[in-house]
Every structure is written in structure tokens, then in C-alpha cells.
Amino acid sequence: MRAAELFDQGRSGAEIARMPGVSDESVRRWKRVWEKDGADALRRRPATGRPPKLDDAQVERVRTALEQGAQAHGFEADLWTLERVGTVVTLVTAVTLSKASVWRLLTGRLGWSLQRPERRAAERDESEIARWIAHEWPRIKRGR
């Protein structure tokens with residue numbers, strides 16, 4: 001919009017490009033639009049592209065379903081994968097999403113991040129580990 005004001009003042013394209021710090025090509029493009037359709041044509045427009053498949057209400061239903069945990073939806077382990085989230089999205093909204101779209105839903109619209117579970121043996125015995133560290137490790141370290 002500042003460029004439109006400067007065009008009205010009769011300023012040169014190079015001078016206008018230096019003032020806001022933009023390229024000469026951008027100023028030429030703006031001037032063509034301004035000459036053809038006026039200053040209103042230079043206003044920002046909403047982003048173009050395909051609208052999201054899920055509206056805000058559907059996203060909230062998905063959030064609620066995911067917060068119940070994976071086991072609440074019949075999965076053996078309480079661990080979310082992109083495939084499992086995609087299955088729940090389809091069950092809750094009747095909309096099928098690709099893995100990439102599920103990822104964008106989780107990270108972009110829901111604000112979630114990747115979490116990896118700690119890998120520990122099911123047989124792990126914390127008390128035995130503590131005993132070994134307290135009694136066996138010092139003995140081994142001393143060389144006896």
C-alpha cells in the first residue's frame with residue numbers, strides 16, 4: 001500500500017524499491033497491478049490453495065478421541081502411530097487422510113510433537129539393578 005502512495009506521488013520505480021527495501025521487479029509488478037486495477041488490487045489476499053479437509057469442530061473431536069488413548073480405540077499398546085491416528089480420524093470424522101496430512105494435523109493444528117517411547121526390557125528389575133550397582137559394581141571396579 002505504501003508503494004501505491006509513492007506511485008501517486010510520481011516517484012520512480014528504483015526510488016520506490018530503495019525505500020521499502022524490495023526488488024525492482026516487485027515494484028514493476030506492483031505498478032502494473034496498480035495501473036490496471038488501482039490501489040485496492042495491491043491489498044493482501046487470503047492464502048490460496050486447497051481448504052483443509054477437517055473443519056475446526058472435527059479437529060476438536062479428533063483431539064478428544066486421541067486424548068482418550070490408543071487402547072480406548074482397540075489398539076493393543078497405548079502408543080500412537082500415524083497409521084493409528086489416521087484410523088481414528090476416519091472413524092471419528094469419516095474423512096481419510098494421508099500420512100503426511102495426519103502429520104500436519106498433529107503438529108500443525110493440534111500442536112503435538114513427536115515423542116518416542118523409552119525402550120526397556122519387560123523383564124527389567126529396578127531393585128536388582130540398584131542392588132548390583134551398590135554391591136557388585138564396586139567389587140568389580142576394585143578388581144576382586
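Q: Which span should the 12 residues of helix α4 have at 1.5 Å a residue?
A: Happy to go through it; keep in mind that this is a predicted model. Helix α4 runs over residues 56-67 and should span 16 Å, and its end C-alpha atoms are 16 Å apart, so the two agree.

Q: Nice. And which residues of α4 are buried?
A: Those are Gln 58, Val 59, Val 62, Ala 65 and Leu 66. They sit on the same side of α4, because the arc they cover around the axis is only 120°.

Q: What do the buried residues of α4 pack against?
A: Two other helices: α5 (82-93) and α6 (99-109). On the other side of α4, you'll find Asp 56 and Glu 67 exposed.

Q: Which residues does Gln 58 touch?
A: Leaving out residues up to four places away in sequence, Gln 58 touches Lys 53, Thr 93 and Val 95.

Q: Okay, now the ends. What happens at the start of α4?
A: There, Asp 55 brings a side-chain oxygen to within 3.2 Å of the backbone nitrogen of Ala 57. As for what comes after the helix, α4 is followed by Gly 69, which has a positive phi, near 100°.

Q: Switching to the core: how many residues has the largest nonpolar core?
A: It has 16 residues, and Leu 54, Leu 66, Val 89, Leu 97 and Leu 105 have the most contacts inside it. At least two residues of this core come from each of α4, α5 and α6. The biggest contribution is from α4, which gives four residues. There's also a second, separate core of nine residues, with Ala 17, Val 27, Trp 34 and Leu 42 among them.

Q: Back to Leu 66, then. What does Leu 66 touch?
A: Not counting residues up to four places away in sequence, Leu 66 touches Trp 80, Val 85, Val 88, Leu 106, Leu 110 and Trp 112.

Q: Is Trp 80 buried or exposed, or partly exposed?
A: Trp 80 counts as partly exposed, because its relative accessibility is 24%.

Q: Last topic, rings. How many aromatic pairs are there?
A: The count comes to two aromatic pairs. For Phe 75 and Trp 80, the ring centres are 6.2 Å apart and the planes are at 70°, so that pair is edge-to-face.

Technical notes
Residues are numbered from 1 along each chain as its sequence is written. This is a predicted model: local features need pLDDT of at least 70, side-chain atom pairs count only at pLDDT 80 or more; totals for chains, interfaces and linings use all residues. Side-chain values use heavy atoms; hydrogens and water are left out. The expected span of a helix is 1.5 Å times one less than its number of residues. Buried means under 20% relative accessible area, exposed over 50%, partly exposed in between (1.4 Å probe, protein chains only). The arc is that of the directions from the helix axis to the C-beta atoms. Contact means heavy atoms within 4.5 Å. A polar contact is a pair of N or O atoms within 3.5 Å; within protein, one must be able to donate a hydrogen and the other to accept it, and residues adjacent in sequence count only if both atoms are side-chain atoms. A nonpolar core is a set of buried Ala, Val, Leu, Ile, Met, Phe, Trp, Tyr and Cys residues joined through side-chain atoms within 4.5 Å. Rings of Phe, Tyr and Trp (its six-membered ring) pair if their centres lie within 6.5 Å; planes under 30 degrees apart count as stacked, over 60 as edge-to-face and the rest as tilted.
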